[in-house]
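Dear colleague,

I am passing on a structure for you to look through, and below it you will find my notes on what turned up. Please read them with the model open beside you.

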Amino acid sequence: MLNLLDLLGIGLFGVSGCISAARKNFDLVGVCVVALVTAVGGGTLRDLLLDRHPILWIRNPVYLYVIFSAIPLTWIYTRYRSTPNQLLLVADAIGLSVYSILGVQAAQSMGHAGLVAIIMGVMTGTAGGVIRDVICNDVPILFQGGYLYATASFAGCLVYIISVHLELPKQVSVASGMLLILMLRTISIVYRWNLPAFQIIIPTKTNNKGI
């Protein structure tokens, strides 16, 4: 089941990359590049930081086959149907929920502490989307107001870590973390939940001239 979810997450991230690139009128090479970095960017960064070799898509080339299969399927779909922004957000939400938990598991398997594993999970789930948005010259979805993104990932990873420490069945731990991420992300899209903005008070200039 985890392997299937892994491939599903890769495919959905690839789809979101295709849609983002198509909206910018990229050519086929550009679409392939954006789809690839969206799908494996977070996992690649995680493996490099953890010194985990070979890197995920080199270790398992099936990832590449899934990504490059998603490109023509997405192209066919978008040729005949419009692609609402919600479709991109939903695809991204499912990929986020899958890859955040897989990132935590990868860090845990190497013996890293819980907080480190959570950070690696958030990075795995979000970094690909950030790279995608930077390439497409958009404000990264990670920093857009109105949606919980990294927060949802962090919450799901934390629930997974707690479930593991409580020695709950692995399937329950994985499902709890993924469902929480998906639920928070989806609800935030519908109701535009977001964290309070960090604001500072900028002093206004005053006229210091003598009276």
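**A buried serine, and a pair of crossing helices**

Ser 97 counts as buried, because its relative accessibility is 4% and the cut-off for a buried residue is under 20%. Please keep in mind that this is a predicted model. Ser 97 belongs to helix H5, which covers residues 85-109, and a polar atom of the Ser 97 side chain lies 2.7 Å from the backbone oxygen of Ile 94. If neighbours within four places in sequence are left aside, Ser 97 is in contact with Met 178, Ile 181 and Leu 182.

As for the protein overall, it has eight helices and zero strands, and its C-alpha atoms fill a box of roughly 75 × 50 × 35 Å along the principal axes. Of the 211 residues, 43% are buried. Where contacts join residues at least 6 apart in sequence, 75% of them link residues at least 24 apart.

One pair of helices may also interest you: the axes of H2 (residues 28-49) and H6 (residues 114-135) come within 7 Å and cross at roughly 140°, which means that H2 is oblique to H6. The crossing of H2 and H6 is right-handed, and the residues making the contact include Gly 41, Gly 42 and Gly 43 of H2, together with Ala 127 and Gly 128 of H6. The residues of this contact between H2 and H6 comprise nine nonpolar, six polar and two charged.

Conventions:
Residues numbered from 1 in each chain as written. Predicted model: local features only at pLDDT ≥ 70, side-chain atom pairs only at ≥ 80, totals over all residues. Heavy atoms only, no water. Axes fitted to C-alpha atoms, helices over the stretch in contact; angles between N-to-C directions. Helix = DSSP H or I, 4+ residues; strand = E, 2+ residues; numbered from the N terminus. Parallel < 35°, antiparallel > 145°, perpendicular 65-115°, else oblique. Left-handed = near helix turned anticlockwise from the far one by under 90°. Contact = heavy atoms within 4.5 Å. Nonpolar A, V, L, I, M, F, W, Y, C, P; charged D, E, K, R; others polar. Buried < 20%, exposed > 50% of the residue type's maximum accessible area, 1.4 Å probe, protein only. Polar contact = N/O pair within 3.5 Å; in protein donor to acceptor, adjacent residues only side chain to side chain.
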